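Subject: Structure handover and findings

Dear colleague,

I am handing over the structure below, followed by an account of what was found in it. Please read the two side by side.

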Amino acid sequence: MSASESPARPEAPRDGAPARHPVGPRVFAGVLFVSGGGLFWYAFTESGDDPITLDSPHLAPLVVTGLWTVLAAVLLVKSLVRPDEAPPADPETDAGETDPADVRWLTPALLAVALVGYVLLLPTVGFLITTTVFFFAAAVILGSRRWWRDGVIAVVLSTAVYFAFTRLLDIFLPSGVLPI
Amino acid sequence: MSILDGLLDGFATVLSPENLLFAAIGVTVGTFVGVLPGIGPALTIALLLPVTFSMDSPTGAFIMFAGIYYGAMYGGSTTSILLNTPGESASVATAIEGHQMALRGRAKTALATSAIGSFVAGTLSTLALTLFAVPLASLAVNFQASDYFALAVLAMLSVTALVGRSLLRGLLSLAVGLFIGLVGLDELTGQARFTFGTLELFEGIGVTLVIVGLFAVGETLHVAGRLRHLPDHIAPLDPGGRRVGWMSRADLSRSWRPWLRGTAVGFPFGALPAGGADIPTFLSYMWEKRLSKHRKEFGKGAVEGVAGPEAANNAAFSGVLIPLLTLGIPTSATAAVMLASFQVFNVQPGPQLFEKSSALVWALIASLYVGNVMLLLLNLPLIRLWVQVLKIPRPPLYAGILVFATIGVYAVSGSVFQVLLAYGVGVLGLFMRMYRFPIAPVILGAILGPMMEIQFRRALLISNNDLSVFVTRPLTVTLLALAVVAVVLPFLPKWIARLRGRSRDRLAFGEDD
């Protein structure tokens with residue numbers, strides 16, 4: 001994690017090569033700006049005809065979304081005017097290790113799809129089957145090629161968790177189509 | 001009840017076989033999950049929250065949480081040292097020096113100085129907590145609505161300004177958190193806000209959901225995109241197969257002063273309502289570097305650079321419990337989730353806590369002492385077991401985290417919508433991590449925002465809508481002034497450095513990396 005180990009950011013010009021400006025940060029700033037503005041408008045319409053006084057419940061939503069929109073606008077302008085100026089790595093997020101340009105978006109996208117499928121099927125198909133299938137699928141998406149190992153872990157984990165939660169801790173988990 | 005009576009009662013509660021078992025489970029699970037790379041104490045508690053739902057009394061649950069709280073810290077240090085993946089920013093100094101020590105065949109010394117330092121700091125700062133919590137709580141009884149409003153502003157702004165590297169991004173994160181806190185019915189008028197006509201949003205968005213979304217789902221999606229770039233080399237405990245000792249006499253004599261200094265820096269900083277553990281660990285690191293006779297070793301594995309910050313981190317961790325217990329103000333993500341867990345059991349931290357729930361809070365404090373001893377006994381002798389945990393391959397590990405994140409939210413709410421909401425927060429967390437937005441302000445905004453608004457409106461109600469209530473009470477003014485200082489403070493090193501004509505040096509993460 002030291003300075004000498006962190007990879008050079010591609011947007012920093014090296015050896016006279018032209019700088020590459022990543023689009024991602026600007027798009028994200030734009031999305032934040034638009035969503036902030038939208039929420040501000042929503043807060044405004046939500047207040048209806050009520051007067052917006054200091055003690056009204058409509059004040060905080062307007063202040064917060066207004067602040068959001070203004071800050072996002074500043075960020076957007078900064079990222080358009082000076083796209084090179086990225087903040088240094090934040091150890092909390094550990095993001096300094098990898099540049100956004102090196103990220104493979106397919107893996108998180110597939111994981112997100114698997115997650116949504118998992119929770120949508122959970123109540124009807126049941127915890128045991130969906131968890132087993134999801135665990136296996138997620139491990140494969142994350143790059144594992146040890147099918148047998150992951151399959152066994154998937155079955156053992158979901159069974160152990162199901163019975164520990166429902167029998168020992170009295171927490172409801174859907175049994176779904178299985179007669180358990 | 002005197003402090004001693006309270007503490008003795010607390011020990012009597014904790015030392016019952018049942019509660020000792022809870023403490024043992026807490027520290028073991030806490031260490032286990034803390035060792036897993038990428039999982040910090042906040043997520044550990046958030047994921048384990050459902051496990052306590054079936055418990056009849058909150059005492060056992062809190063004893064377990066205290067164990068998890070400390071256990072996750074001890075476990076996190078092991079991961080920082082052996083794998084160089086700090087689970088939270090407060091462990092960065094440990095990751096730098098500790099991992100360098102490990103690479104030079106001194107992993108065991110780094111682990112020992114970190115564990116013993118954590119024990120020393122944990123015990124001393126729990127002692128300070130014992131002594132100061134009650135007097136501070138009785139002071140806090142006099143706090144009024146405007147003071148609480150100012151406290152919430154101070155806590156949010158200082159954490160936002162001091163944690164991240166970019167104030168603009170920090171404030172945006174905070175605004176997102178404040179927005180999340182606004183969703184639902186207004187507590188005073190019952191007015192629906194940002195519910196978009198969805199009944200499920202009337203109750204608001206729970207802090208646990210936000211933490212699980214940001215830390216579990218967001219972190220996993222973030223990791224998924226950069227699997228090839230993750231550190232996976234675990235430094236060996238006994239290089240070359242020959243067994244080495246834990247700490248030599250020289251290591252010990254180089255460590256004990258940093259342990260005490262780290263504790264002295266960490267506890268007061270943690271105890272401030274501006275808190276958090278990041279600043280004291282960083283200060284301790286700089287202090288040790290300045291005082292050390294082995295300054296050249298810093299950056300290449302100096303034992304003082306592990307001993308001091310680890311002690312500071314642990315001491316700040318206990319310090320954070322002071323504003324949490326006496327004021328009900330969380331100043332870190334972990335404290336926020338602790339507050340959420342208190343609320344699950346209908347226990348409201350604040351000045352009255354020591355009167356209303358005296359038995360519970362003393363049992364919690366006593367369990368911190370017991371947990372620390374257990375962790376010292378558990379950590380080093382079982383180090384080979386923890387190294388095995390570190391070897392768990394990433395794909396099934398992260399698949400498991402996603403499963404537990406899903407159950408965590410589903411078991412609490414029984415609602416698919418809430419789980420989808422957590423996933424949505426996770427996707428937001430992915431982009432925030434990617435584009436270097438700090439995460440902690442989101443959580444503090446979500447939990448402190450509603451409190452800040454209620455106190456603001458309450459203060460206005462008392463003063464008949466007169467805004468001067470915020471500038472006439474000395475305590476309120478002082479706290480608000482401190483909030484301004486906190487926002488300006490991060491710029492000071494930069495300004496001073498500019499005056500001196502050099503760029504600032506903030507650990508190894510200079511702006512010109």
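Two residues are taken to be in contact here when they have heavy atoms within 4.5 Å of each other. On that basis, among the contacts in chain B between residues at least 6 apart in sequence, 78% join residues at least 24 apart, while in chain A residues 24 or more positions apart account for 60% of the contacts with a separation of 6 or more. Please bear in mind throughout that this is a predicted model.

Chain A and chain B in outline

Chain A has 180 residues, of which 40% count as buried, and its secondary structure comes to 5 helices and 0 strands, giving the pattern α-α-α-α-α along the sequence. Chain B has 513 residues, of which 65% count as buried, and its secondary structure consists of 23 helices and 2 strands.

Helix 6 of chain B and its partners

Two packed helices are described by the angle between their axes and the distance between the axes. Helix 6 of chain B, residues 107–140, packs against helix 12 of chain B, residues 303–319, at an angle of about 30° and with the axes 7 Å apart. Because angles under 35 degrees count as roughly parallel, helix 6 of chain B and helix 12 of chain B are therefore roughly parallel to each other. Their crossing is right-handed. On the side of helix 6 of chain B the contact includes Thr109(B), Thr113(B), Gly117(B), Ala121(B) and Ser125(B), and on the side of helix 12 of chain B it includes Val303(B), Val306(B), Ala307(B) and Glu310(B). By residue type, this contact of helix 6 with helix 12 of chain B divides into 8 nonpolar, 10 polar and 1 charged.

Helix 6 of chain B also packs against helix 10 of chain B, residues 249–271, at an angle of about 35° and with the axes 9 Å apart, and this crossing too is right-handed. Among the residues that meet are Thr109(B), Thr113(B), Gly117(B), Ala121(B) and Phe132(B) in helix 6 of chain B, and Ser255(B), Trp259(B), Leu260(B) and Phe267(B) in helix 10 of chain B. The residues of the contact of helix 6 with helix 10 of chain B divide into 10 nonpolar, 6 polar and 1 charged.

What does Thr113(B) touch, not counting residues up to four places away in sequence? The residues are Met247(B), Ser255(B), Trp259(B), Val303(B), Val306(B) and Ala307(B). Thr113(B) has a relative accessible area of 0%, and so it is buried.

Beyond helix 6 of chain B, Val141(B) lies in the loop between helix 6 and helix 7 (145–163) of chain B. Val141(B) and Pro351(B) are 210 residues apart in sequence, yet their C-alpha atoms are 5.4 Å apart in space. At 41% relative accessibility, Val141(B) counts as partly exposed.

For helix 11 of chain B, residues 278–291, the 14 residues should span 20 Å at 1.5 Å a residue, and the end C-alpha atoms are 20 Å apart, which agrees. Its buried residues are Asp278(B), Ile279(B), Pro280(B), Thr281(B), Ser284(B), Tyr285(B) and Glu288(B).

Helix 18 of chain B, residues 394–413, reaches 29 Å from its first C-alpha to its last, close to the 28 Å expected at 1.5 Å a residue. Just after helix 18 of chain B, Gly414(B) takes a positive phi of about 65°.

Arg436(B) has a positive phi of about 60° although it is not a glycine, and it sits in the loop between helix 19 (416–434) and helix 20 (440–462) of chain B. Asn464(B), likewise not a glycine, has a positive phi near 60° and sits in the loop between helix 20 and helix 21 (469–472) of chain B.

Which of the two words, buried or exposed, applies to Arg436(B)? Its relative accessible area is 8%, and since buried means under 20%, Arg436(B) is buried. Asn464(B), at 69% relative accessibility, counts as exposed, because the cut-off for that word is over 50%.

How values were computed:
Residues numbered from 1 in each chain as written. Chains lettered and ligands numbered in written order. Predicted model: local features only at pLDDT ≥ 70, side-chain atom pairs only at ≥ 80, totals over all residues. Heavy atoms only, no water. Helix = DSSP H or I, 4+ residues; strand = E, 2+ residues; numbered from the N terminus. Buried < 20%, exposed > 50% of the residue type's maximum accessible area, 1.4 Å probe, protein only. Axes fitted to C-alpha atoms, helices over the stretch in contact; angles between N-to-C directions. Parallel < 35°, antiparallel > 145°, perpendicular 65-115°, else oblique. Left-handed = near helix turned anticlockwise from the far one by under 90°. Nonpolar A, V, L, I, M, F, W, Y, C, P; charged D, E, K, R; others polar. Expected span 1.5 Å × (residues − 1).
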